[in-house]
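Hi,

Here is the structure I promised to pass on. Have a look at it first, and my notes on what turned up follow below.

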Amino acid sequence: MKTLRIAALAALLGATALAAPAHADVKIGLLGGISGPIAAMAPAMIDSANLAISQVNEAGGILDGRKLIGVVGDSACNPQNATDAATKAVNLEGVIAIVGPHCSGAVLAAANSVTIPAGVTIVTPSGTSPEITTLQDNDTVFRTVPSDDYQGRALARTLLERGTTKVAVAYLNNDYGKGLAEAFRAEFEEKGGEIAGFAAHEGERASYRSNLADLAAGGADTLVILDYGDGSGLTMLRQALENGFFENFVGGDGMKSDAPIRELGADNLTTFIASAPVGQQSDALEVFNKAFSDIGGDPNAIFVTTSYDATFMLALAIEKAGADKSKVSAALREISNGEGEPILPGEWAKAKELIAAGTAIDYRGAAGEHNFDEAGDVPGAYALFKVSGSTFEVIAEME
Amino acid sequence: MGAMEIVNFYLVPGIVVGSIYALGAVGITLVFAILRYAHLAHGDLATLGAFLALAVVTLGGVSPYVALPVAMAVTAAVAVGIDRTFYAYLRERPKIVTVMASLGVALMVRAVVQIVWGVDSQTYTRGIVRPENWFGIRIRDRELITVLAMVGLVVALQLFLKYSKWGKAMRAMSDNPDLALLSGVDNRKVVLLTWTIVGALCAAAGVFLGLNYELKAMMGWSMLLPMFAAAILGGVGRVEGAVLGGLIVGIAEEMSALVLPTEYKAATAFAILLLMLLVRPTGLLKGKVL
């Protein structure tokens, strides 16, 4: 028995020795909602993150010529899966930092139970809940997408400017829907609008007619749906249209999905508008658009710019921090604080030289400048979209 | 709120969704009665049936009603295949092993659906259908067909169980397996027949769910709990109980929005299940098994 134990111990030691050779590849986690309600958005987001990784590897690799490897994990847009996926990435794969998870609830769970205790820096490209701002995270949680606090408020102001003063709000009962809905309600009411119905709903149900009837009872003719267009948001929109509960429909970024156009038809969506974050026109955005189109991606897909930026910035931060995970978050602030030599998407070789020479750099991302504030948030720009043909078209910039 | 609105926006959707629950609950109750375990892959088999019908609709360009029998037949074959491959092997072991195995089967079936058809929401026919107005009651053709089809399938099943030789054999197995085996009932054939019927009913539930709402990889899984609640509410082992249970759960879910905040709608099935197990564990119609 004793020999067996010693043998097992020796085998374990051997395994750890094998697992950590001197020049290991550098791994970062790519956690996304590959299955679950945002499964339709996730592939493009992962593709754009992988674009950043392949650019790094093609231009000389990371640190002393090592390969950067993206370890994909499925956070399934829910807290349990996100915790599992983050645990696996941090403890088994030994990632140095994480891009993701994609959904707000997943970010909060993964951060609180795994990455904050482990001191691993995470950058979410799409977790937009205001709750993320207030995490006690030792400065390890960042995002390249603006908080829904901005979006909810901007949407409220834009609707009031457009003359809509009475709305009903249906939101998905999760961190994303709730955060956005609360921000919207606060601003809408403060600026003199009337909320004639405000109700959460569970996702993945078959029938929402009673929910809609309840909301319509308030007398509003505009319904604000803060949900996912591939999930229950689509079901709600369909049943509201079919039964004539409301005339006008307004969605948040989650509703700006192709699924409603594909399944309901553009003809039926003439009264549907949605807000979504947009990249400000910049050289950086054009560089990214070209690079992403070249690998067959659609640069207009939602959150691809933020996913790319999150990945590229983490690569820059790791290069600067020298593969020490405890220094990544400080380095992340240094490579994009508005001061230093500008670096555009894909300019890895140039950035690598500057970092080696000790020159300050400033990453200008496809989705924005990404100068993080104290909470690790970035300010945002939004636009209002309407359905035109088989896609969405900008109708107004939002303040 | 007028009476007509309550009928249109609470009762009618409740009956439609209740009919779909009923179709699923009948299958669950049959498995419970004859094979004596909870089959957790039931919802995902329904998903598979719905997507098989989608394949027939897209490849053959036919209406979903034509695709329904095809989907029912193929899903029945798949159900028999799953039983042969996984459950038959575990038949002599404690039933809980099979229950856990069925959870694994659920994940596998769902994964196959996700690989073959993807994870996007899909529909049999694009666009929207506004309901017809029948003397103030707003109902769509497909809702009417869903309810009628459910009634038709259940009546056919009841007649089969009551009068045919094999139906009697199934009932005998359900009442007393040992006695049935001693009197020469072929266990293998009864199991085969059960899975054929259960698979076909699963597919019907899935197709009608997809027809009335949308097709999603998770659609069946999220139906599993209300379907189990319906089966237990009606009395496990009673086909007519499952139908009654399905309708009650469906209507209660929709009606709950009248008195409770809508985010608690999904919890209604849990509440009914809990209450029933506390007050009358045998179910409304005195189930034969539990």
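I225(A) has G251(A) as its bridge partner in β9(A). That contact belongs to a parallel pairing of β8 (222–226) and β9 (248–251) of chain A, with four bridges; strands count as paired if DSSP finds at least two bridges between them. Between β8(A) and β9(A) the chain passes through helix α8 (residues 232–243) of chain A, a right-handed β-α-β crossover. Right-handed here means that, with the strands pointing away from you, the path from the first strand over the helix to the second runs clockwise. Helices (H or I, at least four residues) and strands (E, at least two) are DSSP runs, numbered from the N terminus.

Seven bridges tie β1 (26–32) of chain A to β2(A), and G29(A) sits opposite V71(A).

On provenance: it's a predicted model, where local features need pLDDT of at least 70, side-chain atom pairs count only at 80 or more, and totals for chains, interfaces and linings use all residues. Residues are numbered from 1 along each chain as its sequence is written, while chains are lettered from A and ligands numbered from 1 in the order written. The scores are ipTM 0.84 and pTM 0.81.

Cheers
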